[in-house]
Number of protein chains: 2
Amino acid sequence: MENRIDRIKKQLHSSSYKLTPQREATVRVLLEHEEDHLSAEDVYLLVKEKSPEIGLATVYRTLELLTELKIIDKINFGDGVSRYDLRKEGAAHFHHHLVCIECGAVAEIEDDLLEDVEEIVERDWKFKIMDHRLTFHGICVKCQQKKEDQEQSE
Amino acid sequence: MENRIDRIKKQLHSSSYKLTPQREATVRVLLEHEEDHLSAEDVYLLVKEKSPEIGLATVYRTLELLTELKIIDKINFGDGVSRYDLRKEGAAHFHHHLVCIECGAVAEIEDDLLEDVEEIVERDWKFKIMDHRLTFHGICVKCQQKKEDQEQSE
DNA sequence: TTGAATGCAAAAGTTTTGCAACCAA
DNA sequence: TTGGTTGCAAAACTTTTGCATTCAA
């Protein structure tokens, strides 16, 4: 944890930004909720628990900064808010998501499943890929199970 | 064109909605701009050209309705607006996008490049896929060319 | 001391909602 | 008549911005 904070600190410094207490508090919240997909408001409320004096604008500015440095990725699942996701260390590309349309759960896929597809796109469309966003919408295991149970009891 | 309007009319009727003049005007704009990725505001302004009495709220409500019926897909490229894209007739899945980070151009890929990936996801993650969103961010041919030209003249 | 960073409040921008009026079956 | 649909305006939200103040090198 402290290691990751240190490395992020260095990343900021190398672009001549400072890791201020507010930024550190924001980064800590992101690290503590690595599995979640927090909105700016979510992050703000969580940071506020430990650092009540922080302002929402600062959170937005920090998230923007971290996105720019590719420490986090900004993503949108179609509800009106942007969400932020820590990029795994050393990951060349943004990971993929499985969004359950029944319960809203979001799972992550770390494996890069797009290598072949990207090769095709770069070759056939002459498009130089820098990043990608891949999200599957469907029904998670739990909700599939729930449905089966319901059908049996009917 | 009239054929497609008729089919959309039937789709609406089969869910007991009407194809009102305002809805038809909206659908026509979407058909006439199939290649574009219009925001609600874009659609509103275009519809207003021919039907000046229409309200923005009606456009939003129509786009929501068409999305629900899977006639159009709502998509978000990371600028603060939702955009709407006609689903190709008979297409099982939403098509993919190439967004140029230099000039903002958006190209579409009709081919379903995800068949293999979806098979893996359904098998390994036991996730029942209903839909997907795949967008590549990178540099389009034109902007690559522009960059090369710049480098040569330097 | 100086530029970067912050907090607050206001502003900007998108999307939704309440409601009276309208319209078609 | 009745329920769906519309237009308008207001409201609700998310995100950005202006500015005085604060902070750290």
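How many of the twelve residues of strand 6 (residues 128–139) of chain A are buried? Ten of them are, so this strand is mostly covered, where buried means under 20% relative accessible area, exposed over 50% and partly exposed in between (1.4 Å probe, protein chains only). Before we go on, a word on the ground rules: this is a predicted model, in which local features need pLDDT of at least 70 and side-chain atom pairs count only at pLDDT 80 or more, while totals for chains, interfaces and linings use all residues. Residues are numbered from 1 along each chain as its sequence is written, chains are lettered from A and ligands numbered from 1 in the order in which they are written, and side-chain values use heavy atoms, with hydrogens and water left out.

Let's start with chain A as a whole. It has six helices and six strands; helices (H or I, at least four residues) and strands (E, at least two) are DSSP runs, numbered from the N terminus. Along the sequence they follow the pattern α-α-β-α-α-β-β-β-β-α-β-α. The C-alpha atoms of chain A fill a box of roughly 60 × 45 × 30 Å along the principal axes, and 42% of the 154 residues in the chain are buried.

Three of its strands form an open, antiparallel sheet in the order 1-3-2; two strands pair if DSSP finds at least two bridges between them. Strand 1 (38–39) and strand 2 (72–76) of chain A stand at the edges with a single partner strand each, so one side of each has no neighbour in the sheet. Strand 2 of chain A is joined to strand 3 (residues 82–86) of chain A by five bridges, and A:Lys74 has A:Tyr84 as its bridge partner.

Helix 4 (residues 56–68) of chain A lies across strands 2 and 3 of chain A, at about 110° to strand 2. Axes here are lines fitted to C-alpha atoms, for helices over the stretch in contact, and angles run from 0 to 180 degrees between N-to-C directions. Helix 4 of chain A also meets helix 2 (residues 21–32) of chain A: their axes come within 10 Å and cross at roughly 70°. The residues in contact (heavy atoms within 4.5 Å) include A:Val27 and A:Leu30 of helix 2 and A:Leu63 and A:Leu66 of helix 4.

Back to strand 6, where the two chains come together. Strand 6 of chain A and strand 6 (residues 128–139) of chain B pair in the antiparallel sense over eleven bridges. A:His137 stands opposite B:Asp131 in that pairing, and A:Val99 stands opposite A:His137 too.
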